[in-house]
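Here is a short note for a colleague who is opening this structure for the first time. Please keep the view beside you and follow the points in turn.

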Amino acid sequence: MVGSRQYIVFPGRYIYTQRLKGANVNDKIILNKVLLVGTKTSTWVGKPVVPNATVHAVVEEQLKDKKVIVFKYKKKKNYRRNIGHRQPITRIRIMGITGYQDSPAVTLADLEAAK
């Protein structure tokens with residue numbers, strides 16, 4: 001979870017988030033609001049977050065998003081306004097997810113036993 005938005009991440013993936021203030025290019029950042037961690041055999045579900053789980057990432061670049069055009073128009077009044085806006089965003093690359101192994105895990109065997 002970054003900036004009140006949730007992302008599905010795995011090592012090697014890059015994501016675009018809202019601008020992270022104070023983060024420069026090649027800075028290592030730690031994201032500690034992890035809501036769920038899953039592997040092929042186990043799942044760790046947070047209530048609301050998985051304790052001690054952290055996502056390690058590197059800031060790759062600070063840039064601006066595509067331009068959003070805001071066009072205002074009133075017919076028969078000769079009123080036209082064309083405004084553009086580019087939202088600042090940050091591209092981060094996910095390096096790894098650690099610390100979740102200490103928490104209790106839910107396995108496929110547990111789910112089948114519960115049925």
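1. A term comes first: two residues are in contact when heavy atoms of theirs lie within 4.5 Å. With that in hand, take Thr17. Leaving out residues up to four places away in sequence, Thr17 touches Val2, Tyr7, Ile89, Thr90 and Ile92. Note also that the model is predicted.

2. Stay with Thr17. Is Thr17 buried or exposed? Thr17 has a relative accessible area of 2%. Buried means under 20%, so Thr17 counts as buried. Thr17 sits in strand E1. Thr90, one of the residues touched by Thr17, is also the bridge partner of Thr17 in E8.

3. Now the sheet. Four strands make up an open sheet, and their order is E1-E8-E5-E2. The pairing is antiparallel. Strand E1 (14-18) and strand E2 (28-31) stand at the edges. Each has a single partner strand, so one side of each lacks a neighbour in the sheet. On average, and with direction ignored, neighbouring strands of this sheet are turned by 40 degrees against each other.

4. Look at one pairing in detail. Over how many bridges do E1 and strand E8 pair? Five bridges join E1 to strand E8 (residues 88-98), in the antiparallel sense. As background, strands of a sheet pair through backbone hydrogen bonds.

5. Next, the salt bridges. The structure holds three. Glu60 and Arg91 form one of them, at 2.7 Å from N to O. Glu60 is in strand E5 and Arg91 in strand E8, so this pair ties together parts 31 residues apart in sequence. Arg91 is buried, at 16% relative accessible area. Glu60 is partly exposed, at 27%.

6. Glu60 has another such link. The side chains of Glu60 and Arg93 also meet in a salt bridge, again at 2.7 Å, N to O. Arg93 lies in strand E8 and Glu60 in strand E5, so parts 33 residues apart in sequence are tied together here. Arg93 counts as partly exposed, with 23% relative accessibility.

7. Arg91 also has a salt bridge with Glu61, where the closest N and O atoms are 3.8 Å apart. Since Arg91 lies in strand E8 and Glu61 in strand E5, the pair ties together parts that are 30 residues apart in sequence. Glu61 is partly exposed, with a relative accessible area of 31%. Which residues make up the network of salt bridges? Glu60, Glu61, Arg91 and Arg93 are linked in it.

8. Gln62 is worth a stop. This residue lies in strand E5 (residues 54-64). Gln62 is partly exposed, with a relative accessible area of 26%. Which residues does Gln62 touch, not counting those up to four places away in sequence? The list is Arg19, Leu20, Ala23, Val25, Ile89 and Thr90. Ile89 and Thr90 are also among the residues that Thr17 touches.

9. Turn to the surface. Val68, Val70 and Ile83 form a nonpolar patch there. Together they have about 230 Å² of accessible area. Val68 belongs to strand E6 (residues 68-74). Its relative accessible area is 49%, so Val68 is partly exposed.

10. Last, the backbone. Most residues other than glycine have a negative phi, and most peptide bonds are trans. Where does this chain depart from that? The peptide bond from Lys47 to Pro48 is cis, with omega near 0 degrees. Pro48 is in the loop between strand E4 (42-45) and E5.

11. Two asparagines have a positive phi. For Asn26, phi is near 70 degrees. Asn26 is in the loop between E1 and E2 and is exposed, at 60% relative accessible area. For Asn78, phi is about 55 degrees. Asn78 is in the loop between E6 and strand E7 (79-85). Asn78 is exposed too, with a relative accessible area of 68%.

Conventions: Residues are numbered from 1 along each chain as its sequence is written. This is a predicted model: local features need pLDDT of at least 70, side-chain atom pairs count only at pLDDT 80 or more; totals for chains, interfaces and linings use all residues. Side-chain values use heavy atoms; hydrogens and water are left out. Patches are made of residues with over 30% relative accessible area and no salt bridge: like charges are joined within 9 Å, nonpolar side chains (Val, Leu, Ile, Met, Phe, Trp, Tyr) within 5 Å. Accessible areas come from the Shrake-Rupley method with a 1.4 Å probe; for residues, only the protein chains shown count as cover. A salt bridge is a side-chain nitrogen of Lys or Arg within 4 Å of a carboxyl oxygen of Asp or Glu. Helices (H or I, at least four residues) and strands (E, at least two) are DSSP runs, numbered from the N terminus. Buried means under 20% relative accessible area, exposed over 50%, partly exposed in between (1.4 Å probe, protein chains only). Two strands pair if DSSP finds at least two bridges between them. Axes are lines fitted to C-alpha atoms, for helices over the stretch in contact, and angles run from 0 to 180 degrees between N-to-C directions.
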